[in-house]
Amino acid sequence: MRSLTRDRSTLLAAAAGAILMSGCAPSPASSEPQGPTLAIDQVAGFWALRGPDGARCEVSLANLLIDGVRPVLVENCAIPAATRGKSWRATANGFEILGADGTVVLTFRRSGNDTFEATSGGFTLARAPVA
């Protein structure tokens with residue numbers, strides 16, 4: 001027959017360990033903003049970026065964290081600001097593309113269900129079909 005005292009001690013030790021572990025959990029990646037943001041799946045994916053002069057890029061925003069950041073892949077690009085993008089993070093109204101040093105390269109706000117517009121520079125972003 002098991003001791004009731006030993007069972008309570010085991011339960012208390014497990015509870016104390018869980019409390020201590022929750023206080024030691026790693027903080028979110030520094031590239032991830034704190035507070036309410038758009039859902040990652042509303043931003044992640046394959047996008048067509050267009051500049052005000054008609055220049056275009058293909059932009060892929062990863063839906064996963066790698067080394068604490070969400071990677072950006074920019075291809076077939078004639079927009080210099082976009083080519084500096086290495087990662088991205090969601091914001092309350094859209095998202096930001098960040099350079100290799102973590103500085104904001106472009107900031108976008110949601111303008112429609114599958115569209116975003118840059119807060120400056122006249123760039124637009126529309127969800128691109130995946131072929």
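Start at C77. This residue is partly exposed, with a relative accessible area of 25%. Here buried means under 20% relative accessible area, exposed means over 50%, and partly exposed lies in between (1.4 Å probe, protein chains only). Before moving on, note that this is a predicted model: local features need pLDDT of at least 70, side-chain atom pairs count only at pLDDT 80 or more, and totals for chains, interfaces and linings use all residues. Residues are numbered from 1 along each chain as its sequence is written, and side-chain values use heavy atoms, with hydrogens and water left out.

**Stop 1: the disulfide**

A disulfide joins C57 to C77, with S to S at 1.8 Å. The term covers a pair of cysteine sulfur atoms within 2.5 Å. By this rule the count is one disulfide. Distant parts of the chain are linked here: C57 sits in strand β2 (residues 56-61), C77 in the loop between β3 (70-75) and α3 (80-83), 20 residues apart. Helices (H or I, at least four residues) and strands (E, at least two) are DSSP runs, numbered from the N terminus. Now check the S-S torsion. It is about 45 degrees for C57 and C77, so the disulfide is right-handed. Is C57 buried or exposed? C57 counts as buried, at 3% relative accessibility.

**Stop 2: the barrel**

Switch to cartoon view. Eight strands form a closed barrel, in the order β1-β2-β3-β4-β5-β6-β7-β8, with antiparallel pairing. Neighbouring strands of this sheet are turned by 30 degrees against each other on average, direction ignored. The axes are lines fitted to C-alpha atoms, for helices over the stretch in contact, and angles run from 0 to 180 degrees between N-to-C directions. Two strands pair if DSSP finds at least two bridges between them.

Zoom in on β6 and β7. How many bridges join β6 to β7? Four bridges join these antiparallel strands. Select F108 next: opposite F108 stands A118 in β7.

**Stop 3: the core**

Select L49, L61, W88, F95, L106, F108 and F116. These residues have the most contacts inside the largest nonpolar core, which has 25 residues. Such a core is a set of buried Ala, Val, Leu, Ile, Met, Phe, Trp, Tyr and Cys residues joined through side-chain atoms within 4.5 Å. Elements that give two or more residues to this core include α2 (40-43), β1 (45-50), β4 (87-90), β5 (94-98), β6 (104-112) and β7 (115-118). In soluble globular proteins, nonpolar side chains tend to be buried together.

Centre on F116. Leaving aside neighbours within four places in sequence, the contacts of F116 include L38, V43, W47, F95, F108 and L125. Contact means heavy atoms within 4.5 Å.

**Stop 4: the salt bridges**

Show the charged side chains. The structure holds three salt bridges, each a side-chain nitrogen of Lys or Arg within 4 Å of a carboxyl oxygen of Asp or Glu.

- Select E96 and R89. Their side chains meet at 2.5 Å, N to O. E96 is buried at 15% relative accessibility, and R89 is buried at 19%.
- Select E117 and R109. This salt bridge spans 3.0 Å, N to O. E117 is partly exposed at 31%, and R109 is partly exposed at 36%.
- Select D114 and R127. Their N to O distance is 3.2 Å. D114 lies in the loop between β6 and β7 and R127 in strand β8 (residues 124-127), so the pair ties together parts 13 residues apart in sequence. D114 is partly exposed at 33%, and R127 is partly exposed at 30%.
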